[in-house]
Amino acid sequence: MLLSSATSSLNPQSLPFLSFSHSISLPLPLLPNPCRPTHFPSFQINCIDAAQPFDYESHLKNHYIQSTSLKIAILGFGNFGQFLSKAFLRHHHTLLAYSRTNYADLANQLGVSFYSDPNDLFEQHPDVVLLSTSILSTETLLQKLPFQRLRRNTLFVDVLSVKEFPRNLFLKYLPPDFDILCTHPMFGPESGKASWAGLPFVYDKVRIGDGENRVKRCDKFLGIFEKEGCRMVEMSCMEHDKYAAGSQFVTHTMGRVLEKFGLESSPINTKGYETLLNLVENTKGDSFDLYYGLFMYNQNALEQLERLDMAFESIKKDLFGRLHEVYRKQLFGDNGEMDKKMNLPQKLLGNGSLIEPPLDNVRQDGS
Ligand code: NAP
């Protein structure tokens, strides 16, 4: 933008070599023209974005991007792999992907180089290999990856929703020179669709070599989530699984139960009911493989499922116990003696309905 306070007839095109990044004042040259006044006031040019003979700004920007960007190879370009890659691209990282399904067109649209053979992908020598496959397929995949085609100290990262399982597989299958970072972004395409700000990101630096470059590479990767505003939580894989079984697995289970139950929106939804509808919305997009993986590969999940079951039974028992009391009082009046005599075992059918007391068979002495 070029502004002149003295003359509007001054053509900016006629000043190809003048470029200013700040406001400056210039006296106009005195020209031998008798019609011109002998004195001109100085005029001011405010030039904030005139073309530079050498574009330092974009040069510096490119230099900065190159020094901070990573070449990241995503293995498993499904629901979550695609979701993550969009964020990585926003941070100017170079993205490559491999998946058993051919996602070449979609990857192309996003700006991701797609490889249908992991050999070709690994020959591109990515800085980071990120595993975003289903929990169930992780071991089979790791067993057939051509690690020898990668650079000797590549960083391996996983985003699986269970942590001890991939940690142990990485330690078992990866060459000893590889760095290992186990992570769990605790959000998905639905819950993190608007922003990642404040959402928890769990990580465990399982094995990061001492070299400055290796430490920096890991920090750069974690930096993506930091810059997105995630709440960074460093904790061991074991701790993660303990907490996640009590929170994430229970959340998914309740979401699935309510989905099967068939929740429907109504014109008089309460806030609580909206929360339930959101829960179903947040969990129903996830594959059953993912849910099954949470159950199979987190040793704490079975215990949590049993606790849930017991809690549900206990609540039903409280409800039906009260109902039974009212029912008896209606039948026999408020007679404590009769209550003692009629102390029949309460039984619940498998579907939760109460078994009626067999009154016809009760003898007068209550036995
Ligand atoms: P998913 O059903 O857990 O995994 C789907 C991915 O696994 C796809 O890329 C799929 O490849 C690949 N895959 C499945 N079976 C395979 C096999 N036999 N061989 C090779 N690849 C196989 O769904 P997801 O939501 O995309 O999750 C991916 C990972 O991210 C999981 O480990 C999950 O725990 C984790 N995660 C997910 C979320 C989330 O909200 N979705 C959040 C945090 C972490 P193709 O598509 O090529 O078949």
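How many residues of the shell around the ligand are nonpolar, how many polar and how many charged? I started there, keeping in mind that the model is predicted. The shell divides into 10 nonpolar, 13 polar and 3 charged residues.

Next entry: the neighbours. I found 26 residues surrounding the ligand. The closest are Ser99, Tyr103, Thr133, Ser161 and Ser287.

I then looked up polar contacts, with N or O pairs counted within 3.5 Å. Ser161 puts a side-chain N or O atom 2.6 Å from an oxygen atom of the ligand. Thr133 uses its backbone: an N or O atom there lies 2.7 Å from a ligand oxygen. For Asp286, I noted a polar side-chain atom 3.3 Å from a nitrogen atom of the ligand. I also checked cover. On its own the ligand has 870 Å² of accessible area, and the protein covers 86% of that.

Then the site. The ligand takes up the space of the largest pocket. Which elements give two or more residues to the shell? I listed α2 (79-90), β9 (179-185) and α10 (288-296).

Last entry: aromatic rings. I counted 21 aromatic pairs. I picked out Phe147 and Phe178, which pair edge-to-face. Their centres are 6.1 Å apart, with 85° between the planes. Where do the two phenylalanines lie? Phe147 is in the loop between α5 (138-143) and β8 (155-158), and Phe178 is in the loop between α6 (164-173) and β9, so the pair ties together parts 31 residues apart in sequence.

Key:
Residues numbered from 1 in each chain as written. Predicted model: local features only at pLDDT ≥ 70, side-chain atom pairs only at ≥ 80, totals over all residues. Heavy atoms only, no water. Near = heavy atom within 4 Å. Polar contact = N/O pair within 3.5 Å; in protein donor to acceptor, adjacent residues only side chain to side chain. Areas by Shrake-Rupley, 256 points an atom, 1.4 Å probe, with all protein chains shown as cover. 1 Å grid on protein atoms, 1.4 Å probe; cavity = no way out; pocket = protein on both sides within 12 Å on 5 of 7 lines; lining within 4 Å. Sits in = over half its atoms within 2 Å of the grid points. Helix = DSSP H or I, 4+ residues; strand = E, 2+ residues; numbered from the N terminus. Nonpolar A, V, L, I, M, F, W, Y, C, P; charged D, E, K, R; others polar. Phe/Tyr/Trp six-rings, centres within 6.5 Å; stacked < 30°, edge-to-face > 60°.
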